Amino acid sequence: MRKRERENPCGVCGHYHKYEEGEVCGICGHRAPQSSETTSIHISAFPTEILPEFLYLGSYDNASRSELLKTQGISRVLSTVPACQNLYKNSFTYHCLKDDQTLPFEDAIQFLEQCERDNARVLVHCMSGKNRSPAIVIAYLMKCKGWKLAQGYQWVKERRPSVDITQAIYQQLQDYEQRIFGSIVGGNPFPPASPSAGLPSFSFGFPKVDDPIPVPAFSGSVSSIFARSPVDINPQEFTFGASRTQNNVSGRPFNENLNSNGSDIAMDSS
């Protein structure tokens with residue numbers, strides 16, 4: 001390698017490779033992102049910091065970049081997917097959870113508590129960093145920080161928007177929350193839906209479903225319309241439409257000005 005290249009290391013991983021030309025680093029696998037990947041490089045290459053200088057959340061791709069983990073000071077890795085291979089056993093302390101449909105929250109939390117006591121930074125990861133590992137992190141926040149499920153979910157979701165916990169895993173979190181805090185009044189929705197801001201409301205003058213129907217207020221001087229006595233109408237005398245004996249404004253029948261043939265009477269020209 002030429003001296004000029006040795007003096008120009010990669011600005012991300014710190015190794016010497018032709019990152020501007022798209023060459024993959026032979027040490028950590030880093031490469032320059034494509035134009036479409038520029039906005040997502042932070043999410044794809046680096047794990048997400050959940051608690052400062054302690055708890056990190058990511059994917060198996062994050063766990064496979066040893067040099068990047070070292071630059072963030074991470075020395076321990078909690079794997080929630082036993083099928084994932086622990087690549088750097090000489091560099092990191094690994095702890096793998098059992099392959100079970102039910103996440104072993106207590107086992108994972110014991111390892112995380114030990115990491116916290118040792119002031120060691122730890123990465124919690126699954127394959128994509130969207131489901132199992134965020135659930136472990138949220139369970140830790142509930143058990144050790146006293147946060148409710150909705151609060152922990154919102155905290156993690158804001159820092160890693162790609163989090164997408166399945167209904168089955170979320171139900172396990174709800175059960176775990178109940179074991180910690182007891183019965184939760186009202187429960188938590190799945191998932192905690194963030195309110196849609198800025199969306200217009202189209203009600204067209206009709207009350208919304210959740211809005212209370214306004215009750216008309218009547219003053220003491222005016223009697224309620226519901227207190228009036230019903231109008232006594234004989235059903236036989238009631239006809240739909242206009243009556244034959246409708247009167248005009250003057251009180252005379254409308255057919256008074258008609259002759260016997262039904263035609264109008266000619267008006268006097270004078």
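Biologist: Which residues does I50 touch, leaving out those up to four places away in sequence?

Modeller: I50 touches L55, Y56, L57, V137, W155, V156 and R159. Contact here means heavy atoms within 4.5 Å. Please keep in mind that this is a predicted model.

Biologist: Thanks! Why is I50 called buried?

Modeller: Buried means under 20% relative accessible area. I50 has 1% relative accessibility, so I50 counts as buried. As for its place in the fold, I50 lies in strand β1, residues 48–51.

Biologist: How far apart are I50 and L141, in sequence and in space?

Modeller: In sequence, I50 and L141 are 91 residues apart. In space, their C-alpha atoms are 9.9 Å apart.

Biologist: Let us move on to N131. Why is N131 called buried?

Modeller: The cut-off is again under 20%. N131 has a relative accessible area of 18%, and therefore N131 is buried. You will find N131 in the loop between β5 (121–125) and α6 (132–145).

Biologist: What makes the pair N131 and T166 a polar contact?

Modeller: A polar contact needs a pair of N or O atoms within 3.5 Å, one able to donate a hydrogen and the other to accept it. Here a polar atom of the N131 side chain lies 3.1 Å from the backbone nitrogen of T166, so the distance is within the 3.5 Å limit. T166 is also among the residues that N131 touches, together with C126, D164, I165 and I169, when residues up to four places away in sequence are not counted.

Biologist: How many cavities of 30 Å³ or more are there?

Modeller: The count comes to one. A cavity is a set of points where a 1.4 Å probe fits but cannot get out. The largest cavity holds about 40 Å³ of space.

Biologist: Which residues line the largest cavity, and what classes do they belong to?

Modeller: The lining consists of Y60, A63, S64, C84, Q85, N86, L87, Y94 and H125. By class, five are nonpolar, four are polar and none are charged.

Key. Residues numbered from 1 in each chain as written. Predicted model: local features only at pLDDT ≥ 70, side-chain atom pairs only at ≥ 80, totals over all residues. Heavy atoms only, no water. 1 Å grid on protein atoms, 1.4 Å probe; cavity = no way out; pocket = protein on both sides within 12 Å on 5 of 7 lines; lining within 4 Å. Points joined across faces, edges and corners; volume = space filled by probe spheres on them. Nonpolar A, V, L, I, M, F, W, Y, C, P; charged D, E, K, R; others polar. Helix = DSSP H or I, 4+ residues; strand = E, 2+ residues; numbered from the N terminus. Buried < 20%, exposed > 50% of the residue type's maximum accessible area, 1.4 Å probe, protein only.
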